[in-house]
Amino acid sequence: ASDVYKRQDFQIGDWQHLTKHMRSWVLETTKGGRGKNGLDRKRHRERFYLQHYILIMGNTGIRVGEMRSCRWLDLSSGVGEDGEERILFAVDGKTGKRSVVANKGVEVYVKRLWDFRVAELGTQPEMTEPLFCHPNGSRIGSYKKGFEALLNECALRKDLYGNNRTLYSLRHTYATMRINRVPIYQLAVNMGTGVDMIELYYLSLIHI
């Protein structure tokens, strides 16, 4: 079990606390804000994008490096085993190219990002543009500092064992939340890893 907790994931209660906190955090007014409701536009954009980065990463299991390169043209839609529509992410990572099936609800987060970007540009973005980009369209290098500051603000920087959570905690959170909902092989394929790795780190979480 110790191997599992080295992954520094978010337990369900912490995840719910984080996602709930972000709803008000992203709308907080700031000093000198000139945007809608006194929002500092730059600060609001940074928080909005980080909020949706966290929501999408925690519901896809995509690696940090894979998401960094993900463009609008890499998205498509498909139908899950339950017959519901799902967003598919075509990613290219250390294990090669694969198609990642997102959890239900991610289509809402993606649409919010799209609508925000369209409003910002006054037109549709180029399909070759990264999902997570600066106002000028260049990709955002890292969310590390913003993520750490957010976790510190809501007292979630450390897990139950005193270990610092990192951006990779979002991938591990996805795994721990899906391990009892889908077959191990299916989870491994979606995450671009081996069944042996899933068993090594997450098998003890399976409810028999």
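This is a predicted model: local features need pLDDT of at least 70, side-chain atom pairs count only at pLDDT 80 or more; totals for chains, interfaces and linings use all residues.
Let me begin with helix α5, which lies across strands β1 and β2 and runs at about 70° to β2; contact here means heavy atoms within 4.5 Å, and such angles run from 0 to 180 degrees between N-to-C directions, with axes being lines fitted to C-alpha atoms, for helices over the stretch in contact. The helices (H or I, at least four residues) and strands (E, at least two) are DSSP runs, numbered from the N terminus.

Residues are numbered from 1 along each chain as its sequence is written, and side-chain values use heavy atoms, with hydrogens and water left out.

Now to the sheet itself. Its 3 strands form an open sheet in the order β1-β2-β3 with antiparallel pairing, where two strands pair if DSSP finds at least two bridges between them. In general, strands of a sheet pair through backbone hydrogen bonds, either parallel or antiparallel. At the edges are β1 (75-79) and β3 (96-101), each of which pairs on one side only, and the twist averages 35° from one strand to the next.

Going through the pairs, β1 and β2 (residues 85-93) are joined in the antiparallel sense over 5 bridges, and L75 has F89 of β2 as its bridge partner. Between β2 and β3, which run antiparallel, there are 6 bridges; L88 has V101 of β3 as its bridge partner, and these two strands form a hairpin with 2 residues between them.

Let us return to α5. How far apart are the axes of α3 and α5 where they pack? Helix α3 (residues 41-57) and helix α5 (residues 106-121) have their axes 9 Å apart and pack at an angle of about 155°, which makes α3 roughly antiparallel to α5, a label used for angles over 145 degrees. On the α3 side the contact includes H44, F48 and Y49, and on the α5 side Y109, L113 and F116 are among the residues taking part.

Finally, consider H172, whose place is in helix α7 (residues 168-178). Is H172 buried or exposed? H172 is buried, with a relative accessible area of 8%, since buried means under 20% and exposed over 50%, with partly exposed in between (1.4 Å probe, protein chains only). H172 and G61 are 111 residues apart in sequence and 7.2 Å apart in space, C-alpha to C-alpha.

Notes. Angles under 35 degrees count as roughly parallel, over 145 as roughly antiparallel, 65 to 115 as roughly perpendicular and the rest as oblique.
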